[in-house]
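Please set out what can be said about the chain as a whole, and then about a few of its local features, in the form of a short report.

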Amino acid sequence: MTEGQQERFDDDAFRMWVSEGTHQSRNYLGRKGAMLKPGPRVCKTASISLYGDGETKDVRKRELRFSSFARRDGQFDFENPENSWYIEDEEIERLLAFLNADVDHTGRYRVVDAQSPAADILDLVDSGGDSIREFLTSLTETMDPALVSEILGRSEAGITGAELAVITARRELVRIASSLAQADDVTEQAMQQAIGDAWWIFGGRYIRVLERRDLLSLDQHDIPLITADGSLHIVELKSPKIPALVRRHRNHWIVGSEVHEATMQAANYVRSADELGLQLQALVSDELGIDVKLRRAFATVVIGHRDHISDPSVPTDQLDLALRTYNASLSRIEVVTFDQLFDAANRSLQFETF
């Protein structure tokens, strides 16, 4: 049926029409439409017109038009619409999202194709809860190139959807760990459990967490990391609640005694790795199947949080300066606070394209 055809309309009838492209424009590929309301005095219609390459039939533009036509002399005047307006391409997708979405809160939303891999990932996250988030996080932490390539590399949309879910899960872990570090009853053990094997929090230099924490005699490391070149990097976690993180000394601020004690603990770990590394490296590789270079190891001490400092007179910039000054005097050891660690992790998860 075409727009120009006139006939008697039933009130409950739903009529559609399709017209092929004409020779008036080779970019016009055709139109289909529907009568939304053939009323006694006005007829409301909606139509979608397609434009593109007349030879290949590739669609490059879609136009959704709404029109109303008055009845004159018993017939609708389809040649002269009373009102007409249209939307096109992405505007159509947004309208469909609005009509199909069950939105209860004000916010910003993104349209996801229901048939795309991204939609499958989001459905799994919504339905699976923590188990799906744990799977996505563990998938990236294993860093198995073959597995990641097989699952994520099938299409650009699949990569985008899966990576978005992983990034969201990582941001949530940072948020939870950051909130825990600010709690009044926080403990060192609680922070160890919160961070777990999330090696990526410490930056892109690391590829995994070492399975064994007791490779060196008399020592057990909180988080032994493996760098990209296979060397050992020891992370020593202390409590975020260190009231005397820095203190006044004459005219300057310096780190407190607990920071110094934790640093010396890490220094002993590094020294033991140097002394025992040569003889242990072959044993660890042959007996345990762990390929790690133990000599010339590095260490990071994570201790304190600026929110737990008892002296309110400590300026923020002086806290940072005291830590920078202390770190400048160290070799192969770095001291950071929990808030500095989580701020850096959050920045690494922010992308200009998002």
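## Basis of the model

This is a predicted model, in which local features need pLDDT of at least 70 and side-chain atom pairs count only at pLDDT 80 or more, while totals for chains, interfaces and linings use all residues. Residues are numbered from 1 along each chain as its sequence is written, and side-chain values use heavy atoms, with hydrogens and water left out.

## The chain as a whole

The chain has nine helices and 13 strands, taken as DSSP runs (helices H or I of at least four residues, strands E of at least two) that are numbered from the N terminus. Of its 354 residues, 37% count as buried, that is, under 20% relative accessible area, with exposed meaning over 50% and partly exposed in between (1.4 Å probe, protein chains only).

Where contacts (heavy atoms within 4.5 Å) link residues at least 6 apart in sequence, 55% of them join residues at least 24 apart.

Lys-238 lies in the loop between β9 (231-237) and β10 (246-249), and it counts as buried because its relative accessibility is 17%.

Leaving aside residues up to four places away in sequence, Lys-238 touches Glu-188, Ala-262, Gln-265, Val-302, Ile-303 and Phe-338. Gly-304 is 66 residues from Lys-238 in sequence, yet their C-alpha atoms are 7.3 Å apart in space.

## Position of Glu-91

Glu-91 belongs to helix α1 (residues 90-100), and its relative accessibility of 40% is why Glu-91 counts as partly exposed.
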